Amino acid sequence: MKNLAATLHISQMASFSTLNLSPSPKPTHSLLKPLIPAPEIDTRTQIQTPYPKLILTGPSQLSGHVPISGSKNSALPILAATLCCSGTSRIQNVPDLFDTRTMASVLVSLGAKVEVLDNEMLVNTDGVGSVEPNADEIQKIRGGFFVIGPLVARFGEAVVALPGGCNIGARPVDLYIRGLQSLGAVVELRDGKVQAYAANGRGLVGGSFQLDYPSVGATETLMMAACMADGTTVLSNVAREPEVVDLARFLTNCGACVDGAGSNKLVIKGKSQLRGCECVVAPDRIEAGTFMLAAAITRSCISISPVIPCQMSSLIHKLSAAGCKIKKCSHDTLEVSAVSGRGGENLLSVVVKTGPYPGFPTDLQPQIMALLTTCNGLSSVEESVFDKRMSHVSELLKLGAKIQVCASTALENSMIVLTHVCYHVSVLNGSSLVANDIRGGVSLVLAGLAAEGTTEISGVAHIDRGYENLDMKLRFLGADVKRLLPLAS
């Protein structure tokens, strides 16, 4: 544990050298360059290739302890929320990822000053002089669109390009638009950009809005907007995810008045001014779940920390039902065992249906699918959040997985499509695979850990968007994994 933590800290110090990202008055192409250099390269596990790839040789047996990084899905909205605040915000435990670096670029393009040291970002927004972030940066990640709420709330207007991110299905922005309209904004879609401004010419006003679906992004964006609206705002049928609670805690520490975080209704009393504060990003529950599933698919025993066990209950329940042994070693440490003779000899099938928190997280659906291909019996997975989150199925089939897509039924609400997937126990064999999104990509890594022979995964840039030092952490657990770097141009 100490050796891995020390190694990761050294790598992060190299990659997060102190930067003073001076704001530019207008977005420029220089913002397209990474703000933070890549971690130092271990030449023993790096090979030159035309495209970046991961090479896994299995089957692997994992052991030891792995530290969990800060949550990407908490860090992104918190970084966006610094736009609500005057002064400096100190955000700690920020994972070094493409998405967090891109969000920093978004803030800089607006005129914010961002300094980075280790896994810490200092953001000062007093110099913000633009309400239109760099469109190229916004279109790289879904989370970039979060800034529309703080910009309209604090500066009275915003012009934000439609967001990018993984192609996992319909993620429309209509909830954002209608929610902002309920707070007194005029919102128009022109030339691929959302233009919003306060109808009264002064600022947003409190109102009531019920979300058709408890979207995490829409909940967070409207929460930020309402924190500076004049009067009281009531948001109903909101997301209850831990990341929403993390954002509410940050805003409250900045002086906002947010009640009900973690429930399905938020009551927010607007304040005319918020000030920056210090914040520690919570551990990433999806990364933690991914490593728990890595232990299960390799029939291994590992421990992980820091975690918040109550946030992992839906996964713990499924793993326990499958036959894994999960032990709470301390308030923030879990041990997961699927070792033969200790609960892992014959893991059993389970039924999984994704849904909003506290349901089973859609961000763990591809990973548990990989596990279930190795379990005895007939399992089923129902994806009820994203209609295209099945691209990993065709890749898992290349390994020899026995998977059948049984149905795809569109509901009246076009945001949700249900897909049923069934599998029998499979013998996995290495193959060449392509990662098409963050979570689908990491499910291929898990399958590669369990497969006989060599598995080659391209498209690893997708995986790197959601996992900090994934291959290094796996190597410390005993996996045979190498990263192939692109040839220098």
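1. Asp-118 sits in the loop between strand 7 (113-117) and strand 8 (120-124). Strands here are DSSP runs of E, at least two residues long, and helices are runs of H or I, at least four, both numbered from the N terminus. Asp-118 has a positive phi of about 50°, although it is not a glycine. Most residues other than glycine have a negative phi, and most peptide bonds are trans.

2. This is a predicted model: local features need pLDDT of at least 70, side-chain atom pairs count only at pLDDT 80 or more, and totals for chains, interfaces and linings use all residues. Residues are numbered from 1 along each chain as its sequence is written, and side-chain values use heavy atoms, with hydrogens and water left out.

3. Asn-93 also deserves a look. Its phi is positive, about 65°, and it is not a glycine. Asn-93 lies in the loop between strand 6 (88-92) and helix 3 (98-110). At 29% relative accessibility, Asn-93 counts as partly exposed. The cut-offs are under 20% relative accessible area for buried, over 50% for exposed, and in between for partly exposed (1.4 Å probe, protein chains only).

4. Check the cis peptide bonds. One joins Gly-58 and Pro-59, with omega about 5°. Pro-59 is in the loop between strand 3 (53-58) and strand 4 (63-67). The bond from Ser-305 to Pro-306 is cis too, with omega near -5°. Pro-306 falls in the loop between strand 18 (301-305) and helix 10 (313-322).

5. Next, a helix pair. Helix 11 (residues 365-372) and helix 12 (residues 391-398) pack at an angle of about 25°, with their axes 11 Å apart. Axes are lines fitted to C-alpha atoms, for helices over the stretch in contact; angles run from 0 to 180 degrees between N-to-C directions. The two helices are therefore roughly parallel to each other (angles under 35 degrees). Gln-365, Pro-366, Met-369 and Ala-370 of helix 11 meet His-392, Val-393 and Leu-396 of helix 12. Contact means heavy atoms within 4.5 Å.

6. Gly-377 is in the loop between helix 11 and strand 22 (379-383). Gly-377 is partly exposed, with a relative accessible area of 38%. Its C-alpha atom is 8.5 Å from that of Val-350, 27 residues away along the chain.

7. Overall, the protein chain has 15 helices and 27 strands. Buried residues make up 58% of its 489 residues. Of the contacts in the chain with a separation of 6 or more, 76% are between residues 24 or more positions apart.

Conventions
Parallel < 35°, antiparallel > 145°, perpendicular 65-115°, else oblique.
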